[in-house]
Amino acid sequence: MPMIPITCTINGETVEATVSTRDTLADLLRDTLGLTATHVGCEHGVCGACTILFDGRTARACLVLAAQADGAEIETLEGATASGRIAALQKAFHDHAALQCGFCTPGMLLAAAEFLEDHPAPSRAEIREALSGNLCRCTGYQAIVDAVAAVAKGTEP
Amino acid sequence: MTAPLPAPIGAPVPHRRTWRLVHGRGRYVGDVTVPRLLHAAFVRSPHGHARIDAIDVGAAAATPGVVAVFTGADIATVCRPWRGVHGLFPSLNAPLQHALAIDTARWSGEPVALVVATSRAIAEDAAALVVIDWTPLPAVADPETARDGAARIHPDLGTNVCLVQSHESGDVDAAFAGAAVVAEETFRFGRHTGVPIEARGLIADFDPTERRLTVHHSHQCPHQMQNDFAVLLGLAEHRVRVIAPDVGGGFGIKQQLYGDEIAVCAAAMLLGRPVAWTADRLESFTADIHAREHVVQGRVALSAAGDILAFDVDDLHAIGPYSQFPRSSAGEGRAVVAQTGAPYRFGAIRARATAVFQNKGMSGHYRGVGQPIACAVTEVLLDKAARGAGLDPIAVRRRNLVRAADLPWRAPTGVTYPRLAFEECFAALDAHLDLEALRRDCADARANGRLRGLGLACFVEMTSRGSGFYGTGGVAVSSRDGCTLRLEPTGGIRCLSSITEQGQGAETGVLQVIAAAVGVPLDAVDLLTGDTATSFHGGGTWGSRCMAIGGEAAWRAGRALRAEILDIAARLLQADAGALDIRDGVVVDAATGGGRMTLAEIGAVGHFRPHEVPGAQPQLVASASYGSEAPFRPGCGLQLAVVEIDPDSGAVRLERFVVVHECGLVVNPLLVDEQIRGGVVQGLGAALFEELLYDSEGQLLNGSLADYLVPTAPEICDIELVHAHATPAGGDDLGIAGVGEAGTTGASAAVLCAVNDALSARGASIAQIPCTPERILTALGVI
């Protein structure tokens with residue numbers, strides 16, 4: 001399989017890697033770099049568990065080839081955790097029981113964070129709509145909406 | 001147990017494990033790495049039914065990076081086949097099943113060969129090079145054809161019928177003959193499945209020097225799998241260790257033995273190297289356990305006054321080509337026979353459930369098993385009968401519900417319900433909302449031409465089974481759980497529990513129970529679950545049981561450890577143990593509350609200076625195991641749905657959803673509530689969206705998440721949750737009933753009733769789920 005050298009920034013660190021043309025960004029993150037918070041749930045871009053930030057916008061790591069990451073700035077849940085930028089959402093998800101098995105949660109958190117940046121005072125319906133690309137099979141979604149709404153209202157520290 | 005239990009029992013404590021998970025520190029099977037790890041990919045049958053004439057693995061085996069290619073015959077050299085029998089159902093036809101198909105494939109997606117390579121990608125490439133000569137055989141897809149047609153899936157059985165269960169009690173014919181109203185309906189339930197977002201997977205590591213198998217397994221029941229792997233692979237069970245790390249959802253789908261999974265273990269044995277496999281999503285859809293493909297003909301007889309006289313149900317359900325192992329596929333039919341009419345008093349029933357084999361994926365246990373079928377049939381029939389009699393459907397329910405005065409209620413189904421709390425549930429519903437106003441609102445909307453409806457379903461959930469079902473049936477599934485507590489030298493408590501966690505929160509509930517039982521802060525207890533090498537052989541997660549059974553074991557272990565701590569303290573302090581108490585982690589004088597010793601001091605003396613304890617050898621460890629002596633513990637409740645149907649598109653919109661639930665002691669309302677909501681949403685999925693569509697050749701047509709629709713956030717409304725609190729059962733236990741399947745059991749019924757209420761505006765009705773727009777428009781005569 002042809003190999004391609006790439007250089008990108010992942011969670012603030014410069015990463016140089018030689019990737020197979022068939023590897024997805026999820027493969028690079030998980031298998032090569034050990035960034036296992038990026039979960040792979042369907043590999044066809046529907047479930048949203050592998051959501052990451054690609055040049056500042058959410059993207060599906062299963063639908064991006066690793067080779068496409070050349071020159072990109074990428075953030076995973078590990079990076080967002082380390083920077084503290086989603087700490088309020090993380091606490092709210094924990095406090096509201098907005099996750100059970102946790103498999104969808106990394107993608108859900110990054111999607112919710114992006115939504116709140118653009119919509120600081122959303123309605124519950126808007127929150128639900130914004131998270132429509134992230135499947136959760138454990139909760140009734142209600143606790144997730146509660147958690148995101150609490151962060152928007154500033155009732156979560 | 002009637003005395004109030006100490007905190008933190010009852011506190012809405014966040015689920016501890018989730019703090020780790022929100023920070024990306026989960027460790028699921030796919031995150032586990034092992035030196036020299038190989039990766040597997042399966043070759044699966046592209047046919048619903050076909051003979052395997054030859055398998056040529058040459059090109060696949062020659063692919064660089066491929067370590068081995070195994071056929072069914074290769075795997076069978078180390079892995080025995082099995083039959084999904086159950087001793088309580090001696091007439092159950094359970095054909096022999098191999099890990100990989102050997103001479104005949106019987107469903108599209110059945111594993112046929114296994115490629116092991118240095119990477120998953122190479123294994124998949126090579127799997128595509130395996131050449132199989134197939135002779136397609138007639139496929140049997142739908143249940144009626146399976147029962148009535150000529151084609152046989154297992155020629156040696158001479159029939160496609162797996163099992164007929166029937167029960168008759170009371171004079172059914174007389175009841176129907178004398179009824180003022182008989183309502184009758186043919187129901188169709190769509191085959192669906194659990195769709196855990198983390199697919200099934202495992203890493204099997206075999207050390208041939210010690211014949212030791214270690215499996216990291218995304219599974220609900222690691223002890224069950226330890227036993228299954230040992231027996232079927234010919235290993236000493238005490239050298240088989242199954243570890244369920246973080247598990248990304250289960251819902252019953254990760255509860256059985258799967259041929260592909262044990263084949264991975266067999267491959268690890270044959271190679272002496274660790275082998276990993278995780279299902280991709282298409283494999284999940286074709287090879288995960290499916291559920292609830294039923295055709296039910298149901299009748300109910302009602303008196304003029306609205307008394308339920310009798311039910312008559314004839315259920316035909318299709319279970320794929322084999323009976324699932326180890327639990328068998330008897331459960332769905334069993335639930336239909338045993339739980340039709342469960343919430344109500346009536347005198348006669350005739351019930352029959354026929355399970356048939358077919359050439360579709362395996363089918364068996366998914367959250368609720370057959371209970372949602374029984375509930376939907378019962379509730380829709382009652383609505384129809386009440387309307388036919390000109391009676392108020394909800395009044396008919398209230399009139400017929402099992403009351404406290406009827407307990408223990410010996411239902412004509414043969415089931416005895418020790419405790420049901422429908423009076424409390426209805427009182428809680430009436431306190432929560434104005435039911436009549438809500439119904440007027442729907443009626444007014446209908447009068448204005450809108451299709452708005454309300455449905456109310458009463459449901460009973462059988463939880464926390466005792467050993468009378470699997471144990472008596474000769475099925476190697478534990479209905480018990482165990483808990484070991486150790487006091488560490490610095491005063492903390494380590495818990496080793498046999499419960500398992502896929503997100504439901506039972507771990508945190510068990511921690512709360514232990515903290516309360518011993519008298520320590522919650523943070524003073526840590527716990528390890530999901531590892532068969534460390535804990536008592538227990539049941540894990542199935543049938544809504546972790547808190548009721550595992551929580552009880554934790555309570556008893558906690559009280560035993562507490563007693564020993566107090567005994568040691570009393571000896572050291574020359575005090576009477578009965579005059580001491582443990583509060584907030586400190587041994588105190590019970591009368592004054594004054595501190596006497598910390599648990600750290602007890603731990604240090606007990607571990608490092610035991611000679612200072614007069615007349616005793618400190619153990620600093622306590623264990624308890626527990627299994628319910630009752631056949632089951634019932635939970636019960638009501639689910640209310642308000643829907644509005646778009647008459648142009650046929651789409652059903654949820655407007656309001658209310659659950660009233662009674663489950664005995666609630667250890668953690670925060671976690672219980674969202675657990676019930678999650679169950680409701682899975683029931684809503686079944687009611688509105690989810691169906692595995694197959695063609696007549698047994699080909700799955702919608703094996704992706706883009707085509708098989710699971711509910712997303714916008715389709716779901718907020719779900720109002722009300723707990724009814726009934727008098728505790730008064731036994732010697734904590735009085736916990738399970739909640740895991742409650743939501744799923746009643747949700748489809750509530751929606752189907754609401755949809756029919758809405759459709760009544762046009763004189764239309766529907767008796768099929770999911771209620772897709774196409775089916776709604778068909779019912780309305782639009783298409």
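**Around Ile373(B), contacts reach Phe189(B), Arg292(B), His294(B), Val296(B) and Val336(B), leaving aside residues up to four places away in sequence.** Contact here means heavy atoms within 4.5 Å. This view, like the others, shows a predicted model, in which local features need pLDDT of at least 70 and side-chain atom pairs count only at pLDDT 80 or more, while totals for chains, interfaces and linings use all residues; side-chain values use heavy atoms, with hydrogens and water left out. To find your way, note that residues are numbered from 1 along each chain as its sequence is written, and that chains are lettered from A and ligands numbered from 1 in the order in which they are written. Ile373(B) sits in helix 11 of chain B; helices (H or I, at least four residues) and strands (E, at least two) are DSSP runs, numbered from the N terminus. With a relative accessible area of 1%, Ile373(B) is buried (buried means under 20%, exposed over 50% and partly exposed in between, using a 1.4 Å probe and protein chains only). From Ile373(B) to Arg147(B) is 226 residues in sequence and 20 Å in space, C-alpha to C-alpha.

A cavity is found on a 1 Å grid over the protein atoms alone, as a set of points where a 1.4 Å probe fits but cannot get out; a pocket is an open set with protein on both sides within 12 Å along at least five of seven lines, and lining residues have an atom within 4 Å of a point. Grid points are joined across faces, edges and corners, and a volume is the space filled by probe spheres set on the points. For the second largest cavity, this space is about 70 Å³. Its lining includes Gln371(B), Ala374(B), Cys375(B) and Thr378(B), along with Cys458(B), Phe459(B) and Val460(B). Helix 11 (371-389) and strand 20 (451-463) of chain B are the elements that give two or more residues to this lining. By class, the lining has seven nonpolar, five polar and no charged residues. Ala, Val, Leu, Ile, Met, Phe, Trp, Tyr, Cys and Pro count as nonpolar, Asp, Glu, Lys and Arg as charged, and the others, Gly among them, as polar.

**The largest cavity has a volume of about 120 Å³.** Its lining has 15 residues, with Gln97(B), Trp107(B), Tyr258(B), Gly259(B) and Met362(B) nearest the centre. Nine of the lining residues are nonpolar, four polar and two charged. How many cavities of 30 Å³ or more does the rule give? The count is seven.

**The largest pocket holds about 1,400 Å³.** Among its 48 lining residues, Asp27(A), Arg30(A), Asp31(A), His39(B) and Arg120(B) are the closest to its centre. Helix 1 of chain A supplies the largest share of the lining, six residues. Helix 1 (25-32) of chain A and, from chain B, strand 1 (38-44), helix 4 (120-127), strand 10 (201-207) and strand 13 (275-278) each supply at least two residues. The lining has 21 nonpolar, 13 polar and 14 charged residues.

**Here four strands of chain B form an open sheet with mixed pairing, in the order 23-22-21-27.** Two strands pair if DSSP finds at least two bridges between them. The edges are strand 23 (525-528) and strand 27 (621-627) of chain B, each of which pairs on one side only. From one strand to the next, the twist averages 20 degrees. Axes are lines fitted to C-alpha atoms, for helices over the stretch in contact, and angles run from 0 to 180 degrees between N-to-C directions. Strand 21 (residues 480-487) and strand 22 (residues 493-497) of chain B run antiparallel, joined by five bridges, and Leu487(B) has Ile493(B) as its bridge partner. Helix 15 (residues 506-518) of chain B packs on the sheet, where it touches strands 21, 22 and 23 of chain B and makes about 140 degrees with strand 23.

**On to strand 27 of chain B, which pairs with strand 21 of chain B in the antiparallel sense over seven bridges.** One of the pairs is Gly482(B) with Ser625(B). Ala622(B), Ala624(B) and Tyr626(B) form the covered face of strand 27, and Val621(B), Ser623(B), Ser625(B) and Gly627(B) the uncovered one. Helix 16 (residues 546-573) of chain B lies across strands 21, 22 and 27 of chain B, at about 150 degrees to strand 27.
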